[in-house]
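Me: I would like to learn how to read the aromatic rings in a structure. Could we go through them step by step?

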Amino acid sequence: MIPAMYVLLTVALAIIALVDRRLIAARWAALGFAIACVSIIVDGYRDPGGDRWISWFTVATHFLPLLVMIQAFLSRHGRNAPRFVVILTLVACIFVMPNMVWAPPYWLRGVLVQVTCATIIAAGLPTLWSLRKKSTVDLIAFCVVLGAALSYAGRSIVMFLNPIGDTPQDVVAFYEGLNIIFHSASALMGMSVGIVLMMTIGYDMVRGRAEESEIDPLTLLGNRRGLDRQISDDDAGKCSVGGALVIDLDHFKRVNDQFGHDAGDQVLRAVGNRLRSLFEEIGCVYRTGGEEFVVLIDEQQAEGIAALASSAREGISDLTFDGVLSRMNVTASVGFHRREASEIVHEAIQRADQAVYCAKTDGRDRVVGAVKETGFQVLKAVA
């Protein structure tokens, strides 16, 4: 029954990975269950007191799926398993080889196997803990992985207190007794991990489709729907917005009227690329209208928001174009506001928008900030 379920999980995850190649976690999970399926089949048909190399194979193919499964969970967020745990897995596979000068006694071998398994799983816990607030499924993933790590840690203690003897009879007794309990626990744990992986990957598929709807197809920046989602994330405590820039291109209608909409699209793409290069590490950029952009600045960078606004204006005015646009000088009016503790993000954007309006009425190609001076909100030109 368990091998059959592992086969079904392998096939299902492989199909998902083929259908949506962006789901790297599905590839890792399919590989992990394929290895686990081979391991459990070989382990089920081997003679407990027989060839120790076959026993070693089942141990090695027990380590590997655990490592691969941890990688599956971490790859959902673009992370990788720590390098030390990869090295540990390889060293452990070599260390438990039978008939070697370094081969440990059977009782120690059993303890080391369980400790290694617990360590492999635990290596992913710090990262999963840091990601637990991203969604409910991330919290569930952390709890399941923590449960698996604790399960192997408990087994190592049990095996230390009930060591395996070195005689064939002792080995057979272990496999016909305590090992059955361990295998049953591993089977249930594997099924739980499989269910959670399917759930998280399904969630990632839905989230991926939702994120596609939040992308402006022309500039590949976020759109208004993406902006609304980040505001919701800020309200939920998933991120912290420190300030807002509103950027409006000057006289953009003239570009479309004089050079055509294709030329206008070329300008918008160039502006989008410039803003992305300026702010992708310190905030998020959105195209919210025809020629209007909004940048939400991370809290850690908000103190320098005036300089960032000036950088946006200068970065746009420095753009150069080929062809019919070669003599075009694109400029922008930029408004900014550093968010106050009592403000919601919408209010910060509205104040930055008021500053943009002021910049336009003041002659365009300006930077104006909505700032507080002597307890009052004022609009103040910066550049």
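Me: Is Phe142 buried or exposed?

Reply: This is a predicted model, in which local features need pLDDT of at least 70 and side-chain atom pairs count only at pLDDT 80 or more, while totals for chains, interfaces and linings use all residues. Residues are numbered from 1 along each chain as its sequence is written, and side-chain values use heavy atoms, with hydrogens and water left out. Buried means under 20% relative accessible area, exposed over 50%, and partly exposed in between (1.4 Å probe, protein chains only); Phe142, with a relative accessible area of 11%, is therefore buried.

Me: How many aromatic pairs does the structure hold?

Reply: A pair of aromatic rings is described by the distance of the centres and the angle of the planes. Rings of Phe, Tyr and Trp (its six-membered ring) pair if their centres lie within 6.5 Å, and planes under 30 degrees apart count as stacked, over 60 as edge-to-face and the rest as tilted. The structure holds 3 such pairs. In one of them, the ring centres of Tyr6 and Phe33 are 5.4 Å apart and the planes stand at 75°, so this pair is edge-to-face.

Me: What is the relative accessibility of Tyr6, and what is that of Phe33?

Reply: Tyr6 counts as buried at 6%, and Phe33 counts as buried at 2%.

Me: What is the angle between the planes of Trp129 and Phe142?

Reply: The planes of Trp129 and Phe142 are 55° apart and the centres 5.2 Å apart, which is a tilted pair. Trp129 counts as partly exposed, at 45% relative accessibility.
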